[in-house]
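Biologist: I've got a two-chain model open and would like to go through it with you before I use it. Shall we start with how confident the predictor is?

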Amino acid sequence: MAPRPPRNPLTTAASIVAVTLVAGLFGLLAWRVATTARGSSLAAALAEGDRPAAPGFELPLLDGRGTLDLADLKGRPVVLNFWASWCEPCKAEAPRLQAAAERYPDLVVVGVNSQDFEGDARKFVSRYGVTYRNVHDRSGAVLKKFGATGFPETWFVDRDGRLAFRRIEGEVTEATLAQGAAALGVR
Amino acid sequence: MRRLLLIIVAALVVAAPAAASEQRPTLGELEAEVMCPTCKTLLEVSDAPVAERMRVFIRSRIAAGDTKSGIKDKLVRQFGEAVLASPPKHGLNLMVWLAPMATLVGGCVLLAWLGQRASRRRAGPEEAVDLDADTEAAIALALADADR
């Protein structure tokens, strides 16, 4: 068998660059798919009866008084409500969430405002007499973490920081809020 | 001198509309450069409620005399950098601009090199090979046999 001619170093370098580039692009694609699928996998796990850990976040409070870190609420049951001021069902459910916050003092209701102008969100809070805490998810990163696809959307977080009960897509009713509170052990 | 003058005039012709657009932007221009955050499409093709609200905001900022980049900055402060149709040219986003150019330049260099190598192969060896006297005699003998 004839000996193989030595490879040109430029060919080797070009091959390495090409393989690295393709591997990098695949890595990027895999990362994108994994981060996009995370939110829907949370909902799927919850639907199967699991209690996956709620994605953590720290966001600025809408009233400008610092930030809210979800981790700081560990030990207390939390209702997370994703909303926007231009969303019609959000207007309908805001008084129900406010009523739940007043009826269950142990329950921490947190509004996560996203894809919205901060000024509009503040006007909304004032107009609907909302006194529970609201944060502004400027980039929509938290929205993405939870896999929220529209507004409003509500999640329940237990005292251990795990998602519980079920994901509510669309308006919450008094009944679902009462059921959610009961699932979190709030009476 | 005339060439220099031509270059200056050409540069002015290209730069003037861009400068005017920056100072006095129109709603249409900004709609083509800004994304709707809910539907992830250009604002110009979106009829989502938030898109309508953004149009109202842009109109009010244009009326207030804001520049195009000023309006975009305000939108970024509310919706994050994803609101821009073209990613900003800094940080990791710079890769989006540099990667296609680097790939294009790299591809051209690779093609040129491959083309050069192929043409060199077709042309055969450039230098004559020195043979010793015995080998030359053997080749001459073989060629003579073949001619017969």
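Biologist: In chain A, which element has the lowest confidence?

Modeller: Keep in mind that this is a predicted model. In chain A, strand E2 (residues 67–69) sits at the top with a mean pLDDT of 98. At the other end, with a mean of 77, is helix H1 (residues 9–47) of chain A.

Biologist: And what mean pLDDT does chain B have?

Modeller: For reference, chain A averages 90, with 94% of its residues scoring at least 70. In chain B, 84% of the residues reach 70 or more. The chain B mean is 84.

Biologist: What are the scores for the model as a whole, ipTM and pTM?

Modeller: Those go with the model rather than with a single residue. They come out at ipTM 0.74 and pTM 0.71.

Biologist: On to the folds. What pattern does chain A follow along the sequence?

Modeller: Chain A has five helices and seven strands. Chain B, by contrast, has six helices and zero strands, reading α-α-α-α-α-α. For chain A the pattern is α-β-β-β-α-β-α-β-α-β-β-α.

Biologist: What share of the 148 residues in chain B is buried?

Modeller: I count a residue as buried if 20 or more other C-beta atoms lie within 10 Å of its own. In chain A, 35% of the 187 residues pass that test. In chain B, the share is 13%.

Biologist: Among contacts in chain B between residues at least 6 apart in sequence, what percentage joins residues at least 24 apart?

Modeller: Chain A first: there, 71% of the contacts between residues at least 6 apart join residues at least 24 apart. For chain B the figure is 46%.

Biologist: What is the strand order of the five-strand sheet in chain A?

Modeller: The sheet is open, with mixed pairing, and its twist averages 20° from one strand to the next. E5 (133–137) and E7 of chain A each have a single partner strand, so they stand at the edges with one side left without a neighbour in the sheet. The order is E5-E4-E3-E6-E7.

Biologist: In which sense do E6 and E7 of chain A pair?

Modeller: E6(A) covers residues 153–157 and E7(A) covers 163–169, with four bridges between the two. Glu153(A) has Glu169(A) as its bridge partner, and Thr154(A) stands opposite Ile168(A). They form a hairpin with five residues between them, where Gly161(A) in the turn has a positive phi of about 80°. The sense is antiparallel.

Biologist: How many bridges join E3(A) to E6(A)?

Modeller: E3(A), residues 78–83, runs antiparallel to E6(A). Across this pair, Val78(A) stands opposite Val157(A), and Leu80(A) is opposite Trp155(A). The number of bridges is five.

Biologist: Which residues of E6(A) point the other way from Glu153(A), Trp155(A) and Val157(A)?

Modeller: Five of the five residues of E6(A) are buried, so the strand is largely enclosed by the rest of the structure. That holds for both faces: Glu153(A), Trp155(A) and Val157(A) point one way, and the residues pointing the other way are buried too. Those are Thr154(A) and Phe156(A).

Biologist: At what angle does helix H5 of chain A run to E7(A)?

Modeller: H5(A), residues 174–183, lies across E3, E6 and E7 of chain A. Its angle to E7(A) is about 165°.

Biologist: Last one, the interface. Which helix supplies the largest share of the side of chain B that touches chain A?

Modeller: Here 12 residues of chain B are in contact with 11 residues of chain A. Helices H3 (49–63), H4 (68–79) and H5 (94–123) of chain B each supply at least two residues of chain B's side. That side divides into eight nonpolar, three polar and one charged. With four residues, the largest share comes from H3(B).

Conventions: Residues are numbered from 1 along each chain as its sequence is written. Chains are lettered from A and ligands numbered from 1 in the order in which they are written. This is a predicted model: local features need pLDDT of at least 70, side-chain atom pairs count only at pLDDT 80 or more; totals for chains, interfaces and linings use all residues. Two residues are in contact if their C-beta atoms, placed from the backbone, lie within 7 Å. Ala, Val, Leu, Ile, Met, Phe, Trp, Tyr, Cys and Pro count as nonpolar, Asp, Glu, Lys and Arg as charged, and the others, Gly among them, as polar. A residue is buried if 20 or more other C-beta atoms lie within 10 Å of its own, exposed if 12 or fewer, and partly exposed in between; C-beta atoms are placed from the backbone. Two strands pair if DSSP finds at least two bridges between them. Axes are lines fitted to C-alpha atoms, for helices over the stretch in contact, and angles run from 0 to 180 degrees between N-to-C directions. pLDDT is the predictor's confidence in each residue, from 0 to 100.
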